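The entries follow in the order I looked things up.

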Amino acid sequence: MRWQICALAAALASAAPLAPAQTSSPQLEEVLVTAQHREESLRETPISLVTFNQEQLEKQRISNITNLNGLVPNFNIDSFPENNSTLRLFIRGVGLTDTQITQDAAVGVYLNNAYIARSTGLAFDVADLERIEILRGPQGTLYGRNTTGGALKLVTKKPDLEYLEFDQTVSAGNQDLFSSKTSANIPFGERYAAKAAYFFEEVDGYIDNTGPGGSFGDKESKGFRFDLRADFTDSLIMDYAYDVSKIKYYNYTPQAVFPRPSGGGLDDLLAIIGNIAENYIDYSTNRIGTLSTVSPLLPTDTEIEGHTLNIEWLVNDSVTLRSITAYRELDDKRYIDFSSGSSEGFRINFFEATIGAEAGTDRLDLPTVRPHLTQDQFSQEFQLLGNIGDRWDYMAGVYYFEESADEDSPLHHIFSAFPFADNGTIYNYGSEFNSIDNKAYAFFTQWTWTPDLLEDRLHLTLGWRYSKDNRKATRAVLDRVVLDNVTNVAGFTESDFDASGDKDFDDSSIAAIVEYDLSDTKNAYIKYAEAYKSGGFNIRDPDEASFENGFEEEKLQSYEAGLKGEFMDRRLRLNSAVFYQEFKDYQYNFQIPGTIQNTRVFNVDGGEMSGIELDVSVLATQNLFFQASYAYLDSELDDVISPITGELEQFDFTNAPEHTYSLMADYVFSAVTFGVLSVNASYNYVDTRQKNNADTFRGEYDLINARLSLSEVEGLGGLWSAALWGKNLQDSDYEAFTFDNLPQATRAITWADGISFGIDISYSFSQ
């Protein structure tokens with residue numbers, strides 16, 4: 001069945017409205033992208049990519065990166081368990097499982113061409129989003145930051161120099177959803193325009209907290225964006241943007257599925273906790289609608305602020321110089337209660353009656369803990385684009401990046417809700433302070449030559465990149481508090497130390513592409529690309545020597561072949577690719593058994609992925625549009641020596657589903673005379689992940705989304721629209737994240753959101 005779907009295969013990248021009405025028959029409109037920093041046809045871009053235009057973003061209700069989860073084959077998104085507004089992005093199974101400040105993400109995120117370094121807070125809503133492009137595979141010779149997985153480009157709507165515009169959308173739905181989007185465009189003079197946009201949303205979560213504090217999943221987010229465009233001359237354009245986003249979110253707690261058996265290792269520590277937990281926790285393989293916290297559940301507060309200045313100078317008809325300057329700040333205070341996961345009847349208040357009695361002491365009241373992260377970054381990039389005659393196109397860039405970050409984090413804070421006991425003694429740890437200071441430099445260039453042969457159908461591209469990174473990291477213990485001797489507690493060891501590290505890394509990478517135009521509407525390409533990710537230091541490592549030694553850089557070699565074309569008189573569009581990727585010194589984040597936050601990052605010699613990506617769009621009639629996409633991914637990590645046991649073990653890529661696909665249909669009714677009535681429906685499937693581990697596996701899931709809209713209704717001098725929509729209409733319960741290392745459970749689950757539905761009402765004015 002899945003291979004039949006593979007044969008249908010489809011691309012979200014290719015969705016397009018109808019061509020102008022004067023054509024004799026309906027045709028797909030050309031899709032333009034800027035993946036190679038030039039506006040060009042998707043068909044002519046030798047990259048496997050998916051793009052969402054403004055109409056698609058509206059129909060799929062996409063206002064942030066999180067909304068893309070499950071919609072794009074070979075692109076998967078995890079919310080980080082400690083901070084659900086922090087995202088881990090994976091393209092073709094390549095991503096970063098941890099989000100600590102000392103490791104770079106494998107998928108580069110760009111907002112209007114400016115790189116966003118940290119995954120923390122990536123769930124922010126982007127006010128006035130116009131387009132998203134998802135580039136699969138390494139992109140080092142085109143972009144300032146080198147990434148092994150791919151790139152995600154967020155593009156906002158620029159100010160319009162000609163029209164006064166106003167747009168307002170109000171939404172309401174289940175889970176007490178309310179959101180509002182407002183934007184206004186004001187031109188002044190002939191060469192200047194300003195644009196302001198504001199976004200606000202609040203929504204309740206899907207699990208009630210019957211304990212103290214907020215309720216799981218409740219979220220309030222708001223964002224403001226200001227853009228200024230100045231066309232100083234016909235050849236000099238400036239775009240300045242300021243954006244700020246604030247997210248207040250109550251993280252979900254993991255729900256216990258299977259109890260931890262008593263006896264040995266960590267369970268010596270849990271002799272008090274684990275053995276009595278079964279009497280109080282409702283273990284279930286299904287989602288429980290109510291859970292309880294120990295201490296008052298506090299929100300995770302995230303604030304992101306940024307400035308971007310883009311300047312473009314058309315030096316002459318064949319040369320363009322661009323400058324991209326960006327500064328961003330991040331402030332994040334996160335909170336989660338890993339020690340709950342119970343039903344209403346159990347709030348771990350039994351500590352006072354049971355542990356207190358067994359330990360011969362009263363219950364220990366622990367202080368509230370919210371790790372505090374602050375980060376700022378600056379980047380400067382210059383790009384030179386041009387052509388030499390009709391035979392050569394080129395792009396060259398220089399890039400500078402620096403960031404600093406501080407993180408005040410409690411030692412073993414994840415267990416802070418548990419007063420541990422050992423022979424009548426109770427203890428708690430204090431806090432630690434982590435900091436980084438990173439700098440990166442790069443030079444990259446890519447040249448394309450069209451030789452005077454084969455009717456100019458052959459195009460040869462060669463790219464080169466040089467990268468240099470300096471990494472500094474410091475770990476310091478602050479205010480350590482020990483109420484009594486803790487050395488006798490199994491599963492927990494003294495890991496307090498002060499240490500620092502300073503290393504340089506550099507790399508040279510190349511890319512080579514051979515393209516051939518089979519016809520005016522079809523072309524094929526083969527591609528080889530290399531990528532590099534800097535090494536660094538792991539602040540979660542409990543061993544001082546291991547921290548100071550750090551981990552080495554990661555390298556990737558990628559081979560890809562693609563076929564793109566339009567058929568059936570431009571009523572069917574195909575984008576396809578096959579690929580093979582091989583790692584050298586893959587950076588693997590290993591969870592140290594018996595702990596939650598302690599990890600070890602080590603380099604694995606091998607690791608490979610291969611797969612297929614097929615995207616198809618079909619304009620069946622003037623009113624009926626179909627879209628389908630499919631991806632197959634085969635991933636394998638070689639057997640490696642465990643850094644803990646010293647034995648040969650099998651490890652897996654954590655987010656590499658074998659099959660993912662999406663089907664979509666859009667129909668416009670022709671009988672409505674006072675507006676445009678349309679219906680859109682999609683089906684999305686993601687295969688099993690981590691299937692070799694019974695405690696952390698994530699099962700397959702599918703999502704059904706639909707939207708019925710009436711748009712372009714005239715009134716009050718503008719146009720109105722209303723839309724009824726629903727997501728996850730079958731109310732699938734599926735795992736957003738899984739755990740095998742909690743004190744109360746060998747398997748615990750953070751569930752993804754259930755069914756959502758609502759109505760959008762919009763008004764737009766242009767003059």
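**Charges over rings**

I started with R92, which lies over the face of F579, at 4.0 Å from the ring centre. A reminder to myself before going on: this is a predicted model. I then went to R475 and found its charged end over the ring of F497, 4.1 Å from the centre of that ring.

**Salt bridges**

Next I asked how many salt bridges a search of the whole structure would find. My search came back with 41. The idea behind the search is simple: side chains of opposite charge can pair when their charged atoms come close.

I picked out R540 and D98, whose side chains meet in a salt bridge at 2.7 Å, N to O. I looked up where the two sit, and this pair links distant parts of the chain, 442 residues apart. R540 is in the loop between β28 (522-533) and α5 (544-549), while D98 is in the loop between β6 (94-95) and β7 (107-111). Are the two partners buried or exposed? R540 has 13% relative accessibility, and it counts as buried because the cut-off is under 20%. D98, at 5%, counts as buried too.

I moved on to E133 and R131, where the salt bridge is 2.9 Å, N to O. Both E133 and R131 are buried.

Then I checked K691, which forms a salt bridge with E658, and here the closest N and O atoms are 3.6 Å apart. K691 is exposed, with a relative accessible area of 54%, whereas E658 counts as partly exposed at 25%.

I also noted a network of salt bridges that links D104, R118, R145, E403, D469 and R471.

**Aromatic pairs**

I ran the whole structure for aromatic pairs and got 27. Y701 lies in strand β39 and Y734 in the loop between β40 (718-727) and β41 (735-739), so the pair ties together parts that are 33 residues apart in sequence. Y701 counts as buried at 5% relative accessibility, and Y734 is buried with a relative accessible area of 10%.

Which residues do ring pairs link into a cluster? I wrote down F583, Y586, Y588, F590, F602 and F653.

**The second largest pocket**

I turned to the second largest pocket and noted a volume of about 1100 Å³. Its lining has 47 residues, and the closest to the pocket centre are N589, Q591, Q690, T696 and D740. I checked which elements give two or more residues to this lining: β4 (75-80), β6, β31 (586-591) and β41. The largest share, six residues, comes from β31. By type, I got 18 nonpolar, 17 polar and twelve charged residues in the lining.

Q690 came up again when I looked at backbone angles: its phi is near 50°, a positive value in a residue other than glycine. I found Q690 in the loop between β38 and β39, and at 19% relative accessibility Q690 counts as buried.

**Another positive phi**

N112 is not a glycine either, and has a positive phi of about 50°. I located N112 in the loop between β7 and β8 (114-116). N112 is buried, with a relative accessible area of 7%.

Last, I looked up two C-alpha distances. P296 and P212 are 84 residues apart in sequence and 4.4 Å apart in space, C-alpha to C-alpha. P296 is in the loop between β18 (290-291) and β19 (300-316) and counts as partly exposed at 41% relative accessibility.

For G289 and D208, I got 81 residues in sequence and 6.3 Å in space, C-alpha to C-alpha. G289 has its place in the loop between α3 (266-277) and β18, and at 40% relative accessibility G289 counts as partly exposed.

Definitions and conventions: Residues are numbered from 1 along each chain as its sequence is written. This is a predicted model: local features need pLDDT of at least 70, side-chain atom pairs count only at pLDDT 80 or more; totals for chains, interfaces and linings use all residues. Side-chain values use heavy atoms; hydrogens and water are left out. A salt bridge is a side-chain nitrogen of Lys or Arg within 4 Å of a carboxyl oxygen of Asp or Glu. Helices (H or I, at least four residues) and strands (E, at least two) are DSSP runs, numbered from the N terminus. Buried means under 20% relative accessible area, exposed over 50%, partly exposed in between (1.4 Å probe, protein chains only). Rings of Phe, Tyr and Trp (its six-membered ring) pair if their centres lie within 6.5 Å; planes under 30 degrees apart count as stacked, over 60 as edge-to-face and the rest as tilted. A charge sits over a ring if NZ of Lys or CZ of Arg is within 6 Å of the ring centre and within 35 degrees of the ring normal. On a 1 Å grid over the protein atoms alone, a cavity is a set of points where a 1.4 Å probe fits but cannot get out, and a pocket is an open set with protein on both sides within 12 Å along at least five of seven lines; lining residues have an atom within 4 Å of a point. Grid points are joined across faces, edges and corners, and a volume is the space filled by probe spheres set on the points. Ala, Val, Leu, Ile, Met, Phe, Trp, Tyr, Cys and Pro count as nonpolar, Asp, Glu, Lys and Arg as charged, and the others, Gly among them, as polar.
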